[in-house]
Amino acid sequence: MSPYLAGRPLFLFVIVEVFMVVTRFAPSPTGDLHIGGVRTALYCWLHARQHQGVFRLRIEDTDLERSTEASTQVILDGLNWLGLHHDGEIVYQSKRFADYDAIIEQMIARGQAYYCWCTPEELEAMREEQKRLGLPQRYNGKYRDGGEPVPGVTPAVRFKNPLEGSVSWHDKVRGVVTVNNSELDDWVIRRSDGAPTYNFCVVVDDAEAKVSLVIRGEDHVSNTPKQINLYRALGYDVPEFAHVPMILGDDGKRLSKRHGATNVLDYRREGYLPPAILNYLVRLGWAHGDQEIFSIDEMLQYFRIDDVHSAASTFNTEKLRWLNQHYIKESTPQALLPQLLPHFAALGVTADETTVLRAIPHYQERAKTLKEMAEHMSWIFVAPTDFPADAAKKAFKGGETAHLLQDLQTRIAALADVNVETLHDAIAACVEANGVGFGKVGQPARLAVTGGAPSPDLAVTLSLLNTTEILRRLQFAAEYIAQNQG
């Protein structure tokens, strides 16, 4: 029994089981989990959760040569990272070949499918002749009504598609779509190498999983009439369909690696937060007034698959960065810490968790990604060994600056308690005692301790280091000035 029905009266179980909303996400593990696929998964997950239904995951790995365990793991890791958790066990199509074969053999016995002994060369010649005559290029039905086996040829199996009539469905995104059966051919359901085809497997699996709504990319629209005919031939209930538009890059072409990251885990490596990714993706093709920021609860409240636009959407990285910065600012340091630490490790920086936790509030307004935040904060754990030439030229003014840094050193070393307030007082006292403006002390001191990295107020910046480290860095800068002032 579904976990959503546990503890309910039996009569409710029967009623709900009949009308249960079931969606599925069915990626192929032949490459990365594309950001467009994640949007489809999000739409499926939202629709199922809105109706207290079931969200299933199926791995379509019938292409045994190209499917890899690594790609499968990327899919699982990506969905888990985003919190798009599926219900029930994962279905792997590669483990169901015997089930598919049994159904295909039954179809052959009933006359709904047949062996096709055409060789690849014969099929190519068929297409070339049709092309020469200006005819649609499709299988000509040579073995539809039987035929003698061809020695040395392993036959494919084709579905006997209806010759007359039409296929029509009301697409939740595209509206009514109608295709004449005369435009379809007898398509292959099992290749000559014994592998069942996508259009066959997807129908069997969706029917057995009782999928009520198939949400997928618009590139599958051409497959839908074929699949509907197969649903009917097998006596299955035909689900509803929603074909969502593609995502374009800013050049108007289909989003691909040339536009930047497309694999969802690349966005994790770049320091994006899951709520930002989901918020951005839900808005690619759907809107609720002028609202831009959506929590998961608000998505569940307002999103409707019927309201998804049929026009393609354009991916805008700067908009995503803006959203990510919003979620960084809205997060607590405690929530950001475990997500931020891997970015220090990626930089080869050993970061102290307690210090990072203290530093986060001073960088939440500044960073658009966690990777950027880690880069900006790395100075805390890695002392400068050199200084940018332009910055040093502006901040280090020879002997006067060296004297000011050494005076600041002395004052900080004398502090009984080192904190933001006492450090602020030490800086102010140094400025006053030497009769200079704050910039004469603040600018070289900041460069001395950070190496030129972005940093908060100077007293706060110094407080992120222990006293020994503050003094060591100020001394190093003073010596640097002495060595380079000529």
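E218 is partly exposed, with a relative accessible area of 22%; partly exposed lies between buried (under 20% relative accessible area) and exposed (over 50%), using a 1.4 Å probe and protein chains only. R174 is also partly exposed, at 39%. The side chains of E218 and R174 meet in a salt bridge, that is, a side-chain nitrogen of Lys or Arg within 4 Å of a carboxyl oxygen of Asp or Glu. E218 sits in the loop between β9 (213-217) and α7 (224-233), and R174 in the loop between β6 and β7, 44 residues apart. Helices (H or I, at least four residues) and strands (E, at least two) are DSSP runs numbered from the N terminus.

This is a predicted model, in which local features need pLDDT of at least 70 and side-chain atom pairs count only at pLDDT 80 or more, while totals for chains, interfaces and linings use all residues. Residues are numbered from 1 along each chain as its sequence is written, and side-chain values use heavy atoms, with hydrogens and water left out.

**Salt bridges**

The whole structure holds 28 salt bridges. Three of them are listed here.

| Pair | N to O distance |
|---|---|
| E218 and R174 | 3.3 Å |
| R96 and D205 | 2.8 Å |
| D306 and K172 | 3.3 Å |

The open sheet has three strands in the order β1-β2-β3, with parallel pairing; two strands pair if DSSP finds at least two bridges between them. Its edge strands are β1 (22-25) and β3 (91-92), each pairing on one side only. Four bridges join β1 to β2 (residues 54-59), and R24 has R56 in β2 as its bridge partner.

R158 belongs to strand β5 (residues 156-159). R158 is buried but has no salt bridge, and the nearest side chain of opposite charge, D185, is 4.8 Å away; Lys and Arg count as positive, Asp and Glu as negative, with His and the chain ends not counted. A polar atom of the R158 side chain lies 2.7 Å from the backbone oxygen of D186.

Helix α9 (residues 274-282) has eight of its nine residues buried, so α9 is largely enclosed by the rest of the structure. Among the buried residues of α9 are P274, N279 and Y280.

Methods: A polar contact is a pair of N or O atoms within 3.5 Å; within protein, one must be able to donate a hydrogen and the other to accept it, and residues adjacent in sequence count only if both atoms are side-chain atoms.
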